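Grab a pencil and work through these exercises with the viewer open. Try each task yourself before you read its solution.

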Amino acid sequence: MNPCQEQNVIRACTDLERDYAASRAKLLSFAEFGASTETDTLLFDLSSFKAKKQSVISTEAQLILSSPPRSRTSEGVKLAMLSLRATVDAFARYPVLIQQELAKVGWYECFGPGRVIIRQGHVPQNFYLILSGTAVVTKVTLNKQTGELFPKTVAFLKKGTYFGGALFVIE
């Protein structure tokens with residue numbers, strides 16, 4: 001191969017690489033393009049485009065709601081109410097009076113995976129509002145063919161849903 005042919009081959013390879021790089025840049029999505037560059041050269045805040053994690057009530061509100069209702073101050077009740085309102089949309093839709101009463105007498109509990117909260121057929125003693133996570137509702141059903149009882153998942157309850165029962169007396 002003579003030097004002129006060699007130079008043309010090199011130029012052709014260089015042109016192919018440039019064309020490939022240009023076509024590849026066109027195929028990248030905006031997220032891929034932003035993720036592949038250094039964050040200090042970006043003209044926008046990359047954290048604005050990340051998936052939002054499930055928010056939970058503040059640690060201070062958890063401590064207030066874990067304390068006995070008699071020992072809660074009006075400031076503590078207000079802080080717990082504001083934290084619940086900011087975290088759980090369903091709570092914010094309750095009337096303010098109900099929000100205050102729930103913050104006064106409600107308490108914070110955390111249940112681990114697989115924990116039974118209410119059994120089918122039992123009268124609920126509490127009103128539960130899910131602040132984070134998921135609760136699985138299972139129902140014991142009779143298999144008509146075998147006559148055996150088996151658990152069947154009937155629903156998944158997520159943040160903002162409630163279950164159980166309660167009697168509210170607001171003075």
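**Exercise 1.** Find where confidence is lowest and where it is highest in the chain.

*Solution.* The score to look at is pLDDT, the predictor's confidence in each residue, from 0 to 100. Its mean over the chain is 77, with 65% of residues at 70 or more. Now go element by element, where helices (H or I, at least four residues) and strands (E, at least two) are DSSP runs numbered from the N terminus. Helix α2 (residues 30-36) comes out lowest, at a mean of 48, and helix α4 (residues 74-87) comes out highest, at 94.

Where pLDDT is low, the predicted coordinates should not be read in detail.

**Exercise 2.** List the secondary structure elements in order from the N terminus.

*Solution.* Count first: the chain has six helices and four strands. Then walk along from the N terminus, and you read α-α-α-α-α-α-β-β-β-β.

**Exercise 3.** Describe how α3 meets α4.

*Solution.* Begin with the geometry. Axes are lines fitted to C-alpha atoms, for helices over the stretch in contact, and angles run from 0 to 180 degrees between N-to-C directions. The axes of helix α3 (residues 59-66) and α4 come within 9 Å and cross at roughly 125 degrees. That makes α3 oblique to α4, given that under 35 degrees counts as roughly parallel, over 145 as roughly antiparallel, 65 to 115 as roughly perpendicular and the rest as oblique.

Now the handedness: the α3 and α4 crossing is left-handed. A crossing gets that name if the near helix is turned anticlockwise from the far one by less than a right angle, and right-handed if clockwise.

Last, the residues. On the α3 side you'll find E60, A61, I64 and L65, and on the α4 side G76, L79, A80, S83 and L84. By class, the contact of α3 with α4 has six nonpolar, two polar and one charged. Here Ala, Val, Leu, Ile, Met, Phe, Trp, Tyr, Cys and Pro count as nonpolar, Asp, Glu, Lys and Arg as charged, and the others, Gly among them, as polar.

**Exercise 4.** Is S83 buried or exposed?

*Solution.* Locate S83 first: it's in helix α4. Its relative accessibility is 11%, so S83 counts as buried. Leaving aside neighbours within four places in sequence, S83 is in contact with I57, S58 and A61.

T59 has a relative accessible area of 57%, so it is exposed.

**Exercise 5.** Which residues of α4 and α6 meet?

*Solution.* α4 and helix α6 (residues 96-105) pack at about 115 degrees, their axes 9 Å apart, in a right-handed crossing. From α4 come V77, A80, M81 and R85, and they meet V96, Q99, Q100, A103 and K104 of α6. This contact has five nonpolar, two polar and two charged residues.

Then check burial: Q99, E101, L102 and A103 are buried in α6. What covers the buried residues of α6 includes α3, α4, α5 (89-92) and β1 (127-129).

**Exercise 6.** Which residues does K158 touch, not counting those up to four places away in sequence?

*Solution.* K158 sits in strand β3 (residues 149-158) and touches I130, G133 and T134. At 52% relative accessibility, K158 counts as exposed.

Notes: Residues are numbered from 1 along each chain as its sequence is written. This is a predicted model: local features need pLDDT of at least 70, side-chain atom pairs count only at pLDDT 80 or more; totals for chains, interfaces and linings use all residues. Side-chain values use heavy atoms; hydrogens and water are left out. Contact means heavy atoms within 4.5 Å. Buried means under 20% relative accessible area, exposed over 50%, partly exposed in between (1.4 Å probe, protein chains only).
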